[in-house]
Amino acid sequence: MGAASLRVGLLGAAGIAPAAMIAPARRRGDVELVAVASRRRAFEFAERHRIRTAYPRYEDLLADNSIELVYVALPPSEHARWTMAALEAGKHVLCEKPMAMNASEASAVLAAAERTGKRAFEAFHDYYHPLQAWIRDFLASGALGAPVSVKATFNGAIPFDPASIRHVPELGGGALMDLGCYPVHWVRTLLGEPRVTHASAARNPLGADLWIEALAEFDGGVHGVVSASMEPGVTLESSLTVVGETGTLHVDNLVFPARGHSIRIERDGVTHISTVAGLDTYDHQLAAVIDALRSGKSLATEGTDYVNNMAAIDAIYAAAGIR
């Protein structure tokens with residue numbers, strides 16, 4: 001890809017698309033939103049968001065040779081299928097998290113990317129904000145000594161609605177798939193692959209997990225807790241706590257740090273509070289994807305990363321007796 005505008009097609013007229021792709025693209029001068037495909041809302045969505053082409057079938061968008069990158073924002077049960085279809089059609093893909101329903105599907109996506117020579121990125125937008133780079137650098141510096149334990153949480157009330165994909169297990173609903181995939185990604189990024197030792201959960205009337213908590217161990221004897229809840233009334237929280245030999249790090253609002261976050265470091269009885277400057281996470285993510293496509297360098301949220309993230313999710317569900 002040269003320095004010309006990146007031409008993007010939206011697969012699905014999803015509620016997340018305006019914040020995750022349309023607004024960041026419009027804030028840049030090197031991205032062009034070419035088309036949107038939706039089985040029910042394509043034309044209305046295209047008109048509202050000033051996208052010039054609307055397709056009533058996903059296949060029509062994939063056949064559009066002007067499109068270079070496809071943004072997939074369909075139910076999780078459709079992620080792997082349409083990501084692979086886009087790759088086979090010669091497109092790069094930015095797919096909303098989670099990449100697939102399980103590690104087997106994620107492995108099939110990776111195989112398709114390797115076979116076609118096209119790129120498939122999982123949309124963990126939070127990873128690309130400077131806050132997470134700061135966390136990675138701070139812990140790698142040894143400022144807290146060796147890690148002893150980690151706790152990672154993402155809670156957000158999502159009232160039960162049997163018609164909502166976020167509550168239907170067959171469509172990829174549930175607290176772990178919808179919210180918990182983020183803290184799973186945080187602990188994996190910082191400490192390596194977890195060995196899940198125990199998990200518990202409560203289910204909604206359709207069988208999807210309403211809340212879930214997993215215990216895990218990491219190399220070096222580090223103990224971890226990963227949890228997520230979409231229970232009614234639960235307080236919105238996306239937090240990370242790392243206890244080291246010589247101090248503790250606590251970070252609030254890792255998912256949307258541009259809306260306000262805090263870093264608290266406690267060492268030797270002294271507390272330091274700070275923040276890290278940055279744009280909206282989706283702006284950083286789109287910038288990273290564009291740079292990767294132009295430079296050829298790999299990103300942290302592609303390849304084996306999304307396979308391993310799904311493997312960790314599979315292990316948590318297995319330990320909790322779900323699926």
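Mentor: Once its neighbours within four places in sequence are set aside, aspartate 283 is in contact with Pro24 and Arg27, where contact means heavy atoms within 4.5 Å. This is a predicted model, in which local features need pLDDT of at least 70 and side-chain atom pairs count only at pLDDT 80 or more, while totals for chains, interfaces and linings use all residues. Residues are numbered from 1 along each chain as its sequence is written, and side-chain values use heavy atoms, with hydrogens and water left out.

Aspartate 283 belongs to helix 8, which covers residues 281-295; helices (H or I, at least four residues) and strands (E, at least two) are DSSP runs numbered from the N terminus. Aspartate 283 counts as buried because its relative accessible area is 13%, and the cut-offs are under 20% for buried, over 50% for exposed and partly exposed in between, with a 1.4 Å probe and protein chains only. The side chains of aspartate 283 and arginine 27 are joined by a polar contact of 2.8 Å, that is, a pair of N or O atoms within 3.5 Å, of which, within protein, one must be able to donate a hydrogen and the other to accept it, and residues adjacent in sequence count only if both atoms are side-chain atoms. Arginine 28 lies 255 residues from aspartate 283 in sequence, yet in space their C-alpha atoms are 8.9 Å apart.

Aspartate 178 sits in helix 7 and is classed as buried because its relative accessibility is 14%. Leaving out neighbours within four places in sequence, aspartate 178 is in contact with Lys97, Ile158 and Arg166, and a polar contact of 2.8 Å links its side chain to that of arginine 166.

Helix 7 leads on to the sheet. This helix, residues 175-191, lies across strand 7 (147-155), strand 9 (209-218), strand 10 (222-229) and strand 11, and runs at about 155 degrees to strand 7; such angles, from 0 to 180 degrees, are taken between N-to-C directions of lines fitted to C-alpha atoms, for helices over the stretch in contact. The open sheet has eight strands in the order 8-9-10-7-11-12-13-14, with mixed pairing, and two strands pair if DSSP finds at least two bridges between them. At its edges are strand 8 (195-203) and strand 14 (270-274), each of which pairs on one side only. From one strand to the next, the twist averages 10 degrees.

Strand 8 and strand 9 form a hairpin with five residues between them, and glycine 207, in the turn, has a positive phi of about 105 degrees.

Elsewhere in the sheet, strand 11 (residues 237-244) and strand 12 (residues 248-252) run antiparallel and are joined by five bridges, with serine 239 opposite aspartate 252 in strand 12. Helix 6 (residues 130-140) packs on the sheet, where it touches strand 11, strand 12 and strand 13 (262-267), and its direction makes about 175 degrees with that of strand 12. As you follow any of these strands on the screen, keep in mind that in a regular strand the side chains alternate between the two faces of the sheet.
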